[in-house]
Every structure is written in structure tokens, then in C-alpha cells.
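I open this notebook to record what I looked up in one protein structure, entry by entry.

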Amino acid sequence: PRLAVIDGALTLTETKVLRLEGSPETFDAVAFRAAFAELMGMEASEITIVSVKKGSILVEVALPPQLMARLSAMSPADLEVFTSNVQAKYDETKKSASSSSPP
């Protein structure tokens, strides 16, 4: 468990860290939330990004308890596949957002 500020309140919450390719300097939180939410079948607003650190991109997320339970129940192999899917969807979402932006 970790202390985090969620909706303005200090909360003790469980978190998960996902390792993505890239660097924190180019990390797009909106694209990450959209990709993660789509793959988990949830709203992007339910995802709290607790921290983003170097080591490729280490994204620490806090989720509502029922969604954290789903993620925590994944085997290491399933979590690896899920993270790969998040990476692919994140890259696609980020690329789509940058190509639709005006020059």
C-alpha cells in the first residue's frame, strides 16, 4: 500500500507499476489513460497515475479496488501480455493524437 492524494484526499491505496518503452520526458498521460482504460473496460478518469519514473517508463497507477483486484489476480505471464497490449494501444493512441493535432 502507498499513500496517495486521490480526489483531493490522502488515501492509502494499492498500486501497480507497469514498464513501458520510451522515456518519462515523452510520456503522454492522456494517451496512457485512454489505452489502459480501453483494455480494462473502465473509464480513464478512474485511473490515477501516482508516478512516472525512468527505467524505460515506469508508470505507477492506482485503480478502484475491484479493478486492482483484476490486475492483481493476473499471473506474471498474463500481466506481461496485458502490459504489451497497453504498450501497443498507448503507442497507437499517442500516434493518433499527434497526427490529428494541427501543425
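**Entry 1: a term, and a first residue.** I take contact to mean heavy atoms within 4.5 Å. With that cut-off I looked up Ser 51, leaving aside its neighbours within four places in sequence, and found it in contact with Leu 58, Val 59 and Glu 60. I note that the model is a predicted one. Ser 51 lies in strand β4. Is Ser 51 buried or exposed? The cut-off for buried is under 20% relative accessible area. Ser 51 has 13% relative accessibility, and therefore I count it as buried.

**Entry 2: order of elements.** I listed the secondary structure and found three helices and five strands in the protein. Read from the N terminus on, the elements run β-β-β-α-β-β-α-α.

**Entry 3: overall dimensions.** I asked what radius of gyration the protein has, and what a compact globule of 103 residues would have. Along the principal axes, the C-alpha atoms fill a box of roughly 40 × 35 × 25 Å.

Entry 4: The protein has 10 positive and 13 negative charges, and their mean positions are 5 Å apart.

With neighbours within four places in sequence left aside, Met 42 is in contact with Phe 36, Ala 37, Ile 47, Leu 63, Pro 64 and Leu 67.

**Entry 5: Glu 43.** I looked up Glu 43 and placed it in the loop between α1 and β4 (48–54). I count Glu 43 as exposed because its relative accessibility is 53%.

**Entry 6: Lys 89.** Where is Lys 89 found? I located it in helix α3. Is this lysine, Lys 89, buried or exposed? Its relative accessibility is 17%, so Lys 89 counts as buried. Beyond its neighbours within four places in sequence, Lys 89 is in contact with Ala 35, Glu 38 and Leu 39.

**Entry 7: a positive phi.** I looked up the backbone of Ser 56 and found phi near 70°, a positive value in a residue other than glycine. I had checked it against the general rule that most residues other than glycine have a negative phi. Ser 56 is found in the loop between β4 and β5. With a relative accessible area of 36%, Ser 56 is partly exposed.

**Entry 8: Ser 72.** I found Ser 72 in helix α2. Ser 72 counts as partly exposed because its relative accessibility is 33%. Its contacts, neighbours within four places in sequence left aside, are with Glu 14 and Lys 16. Ser 72 and Thr 26 are 46 residues apart in sequence, and I record 28 Å between them in space, C-alpha to C-alpha.

**Entry 9: two positions in α3.** The place of Pro 76 is in helix α3, and at 72% relative accessibility Pro 76 counts as exposed. Pro 76 and Val 86, ten residues apart in sequence, are 15 Å apart in space, C-alpha to C-alpha. Ser 99 is found in helix α3 and is exposed, with a relative accessible area of 60%. How many Å apart in space are Ser 99 and Met 42? They are 25 Å apart, C-alpha to C-alpha, and 57 residues apart in sequence.

Notes
Residues numbered from 1 in each chain as written. Predicted model: local features only at pLDDT ≥ 70, side-chain atom pairs only at ≥ 80, totals over all residues. Heavy atoms only, no water. Helix = DSSP H or I, 4+ residues; strand = E, 2+ residues; numbered from the N terminus. Rg over C-alpha atoms; globule rule 2.2 N^0.38 Å. Lys, Arg positive; Asp, Glu negative; His and termini not counted. Charge placed at Lys NZ, Arg CZ, Asp CG, Glu CD. Buried < 20%, exposed > 50% of the residue type's maximum accessible area, 1.4 Å probe, protein only.
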